[in-house]
Each structure stands twice: as structure tokens, then as C-alpha cells.
Amino acid sequence: MELTVNGEVHVINPGESVSSVIQRLGLNAQLVAVELNRQIVRRTEFDTRILEPGDRLEVVEFVGGG
């Protein structure tokens, strides 16, 4: 199934969660903020929020520096 992540179409398996997409992108779930269809997803929901065809994810990674 297809969904959009940060403006790019990705193909994932049905039943995948927000958490699995974050892992697929090689990101640390503790260092990202996620918006699903224009709604913030709490970190505690990453494992249980199942994605549907056509969903739109925006994933922002926190970067430290100085």
C-alpha cells in the first residue's frame, strides 16, 4: 500500500505502524515528532497507530548542535 512521508510516496505492508515506518527510515523514535494526516501522534501511540492507504506522514527529526 502507498502512503506519503514528507512529500514522498512510500510503499509499505498493510498493517504497519508509525513505529515501523520510523524504523524503516532509519530514525530514532525518541528524536522525532510525527504528524499523521495533520494531527500530532504521541510517541506513546507510535506502536499502536496503524497506517492506512493514502495516509500522509510528516516526520521531523530533532538535531542538536551549537
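Predicted model: local features only at pLDDT ≥ 70, side-chain atom pairs only at ≥ 80, totals over all residues.
Local features need pLDDT of at least 70, side-chain atom pairs count only at pLDDT 80 or more, and totals for chains, interfaces and linings use all residues. Residues are numbered from 1 along each chain as its sequence is written, and side-chain values use heavy atoms, with hydrogens and water left out.

Start with the core. A nonpolar core is a set of buried Ala, Val, Leu, Ile, Met, Phe, Trp, Tyr and Cys residues joined through side-chain atoms within 4.5 Å. Buried means under 20% relative accessible area, exposed over 50%, and partly exposed in between (1.4 Å probe, protein chains only). The largest such core has 14 residues, and V18, V34, F46, L51 and L57 touch the most other members. At least two residues of this core come from each of β1 (2–5), α1 (18–24), β3 (32–36) and β5 (56–61). Helices (H or I, at least four residues) and strands (E, at least two) are DSSP runs, numbered from the N terminus.

Now take β3. V32, V34 and L36 form its covered face, while A33 and E35 form the uncovered one. β3 runs antiparallel to β5, joined by five bridges. There, V34 stands opposite V59. β3 also pairs with β4 (residues 39–41), antiparallel, over three bridges; pairing takes at least two DSSP bridges. E35 stands opposite I40 in β4. Two residues lie between the strands of this hairpin, and N37 takes a positive phi near 50°.

Finally, S17. This residue sits in the loop between β2 (8–11) and α1. S17 counts as buried because its relative accessibility is 11%. Beyond neighbours within four places in sequence, S17 contacts F46, D47, R49, I50 and L51 (heavy atoms within 4.5 Å).
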